[in-house]
Amino acid sequence: MSEKKKAAFKRILLKLSGEALLGKQSTGVDPDIANYIADEIKSLSDLKIQIGIVIGGGNIFRGIEASAKGMDRTTADYMGMLATVINSLALQSALEMRGLPTRVQSSIEMREIAEPFIQRKAVRHLEKGRIVIFAGGTGNPYFSTDTAASLRAMEIQADVIMKATKVDGVYNADPVKNKSAVMFKKISYIDVLTKNLKVMDSTAITLCRDNLLPIIVFNLQKKGNIRSVVCGKKIGTYVGESTTPP
Ligand code: GTP
């Protein structure tokens, strides 16, 4: 755990990929990974920050891939949205096992298992110290869970989107395939778009750019990183307008 004890942000939106939950499995949720993520989030408890979470569904179903193979795009995207609900419930369970009060709100109404998404209620939950997990993407096909993260971050007036990935930040080439890829410390929204850097899809980046919401891209697999980012330690890549981190 980092020695820093003060948070740089009051309210964050943490974006997790569904694939992060895979662990060593080829599909589904690895409980060890859900527990690891929950422990990382619990490590923020003393900082008294407000936490919203959006989690993808790619470990269970990828709408865009299924549609590329001939499935109706809208149907495939709805299946992907349902996958995010499964992941949200898995994360809720892991967080609550650690005594962290959590609410899941779904964009697609399924009241037996989650509250419907109501912006004002979400903000109230955050103010009361509950972690709010936003499930079901935006509730619309053709939008990614990155866009859902941008949208929810805007709606709850988060100070930052913390995008957790499996690499250290944003690179000029895929660091998994290209060992000489260089990581950016800071980059502007427009550079992400024009260089086609695939930090988030263009809709998500554009939404952040239009509303000047900074994004910090960092490696989830390094223990203590979530806390380090929350405490303002300069790790990962900062995406913003002026590229001057707060
Ligand atoms: P406050 O009253 O503002 O403190 O919020 P609260 O969430 O504690 O109260 P509420 O009475 O709204 O909810 C009590 C519990 O029921 C919480 O665990 C909610 O997540 C859950 N809950 C509320 N509405 C729904 C719903 O539509 N569907 C499901 N499945 N659970 C719900």
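Colleague: In which sense do S1 and S2 pair, and over how many bridges?
Modeller: The model is predicted. Strand S1 spans 11-16 and strand S2 covers residues 50-55. The bridge partner of Leu16 in S2 is Ile55. S1 and S2 run in the parallel sense, paired over 6 bridges.

Colleague: Which hand has the β-α-β unit that S1, H1 and S2 make?
Modeller: Helix H1 spans 31-42, and S1 pairs with S2 in the parallel sense. The unit that S1, H1 and S2 make is right-handed.

Colleague: Which residue in S5 is the bridge partner of Val54?
Modeller: S2 also pairs with strand S5, residues 131-135, in the parallel sense over 3 bridges. Within S5, the bridge partner of Val54 is Phe134.

Colleague: Why is strand S2 largely enclosed by the rest of the structure?
Modeller: Residues count as buried under 20% relative accessible area. S2 is largely enclosed because, of its 6 residues, the number buried is 5.

Colleague: Is Val29 buried, partly exposed or exposed?
Modeller: Val29 sits in the loop between strand S1 and helix H1. The limits are under 20% for buried and over 50% for exposed. Val29 has 23% relative accessibility, so it counts as partly exposed.

Colleague: Which residues is Val29 in contact with, leaving aside its neighbours within four places in sequence?
Modeller: Contact here requires heavy atoms within 4.5 Å. With those sequence neighbours left aside, Val29 touches Leu21, Ala34, Asn59, Asn87 and Ala90.

Colleague: What separates the C-alpha atoms of Val29 and Glu19?
Modeller: Val29 belongs to the loop between S1 and H1. Along the chain, Val29 and Glu19 are 10 residues apart. Their C-alpha atoms are separated by 8.8 Å.

Key. Residues numbered from 1 in each chain as written. Predicted model: local features only at pLDDT ≥ 70, side-chain atom pairs only at ≥ 80, totals over all residues. Heavy atoms only, no water. Helix = DSSP H or I, 4+ residues; strand = E, 2+ residues; numbered from the N terminus. Buried < 20%, exposed > 50% of the residue type's maximum accessible area, 1.4 Å probe, protein only. Pairing = 2+ DSSP bridges. Right-handed = clockwise from strand over helix to strand, strands pointing away.
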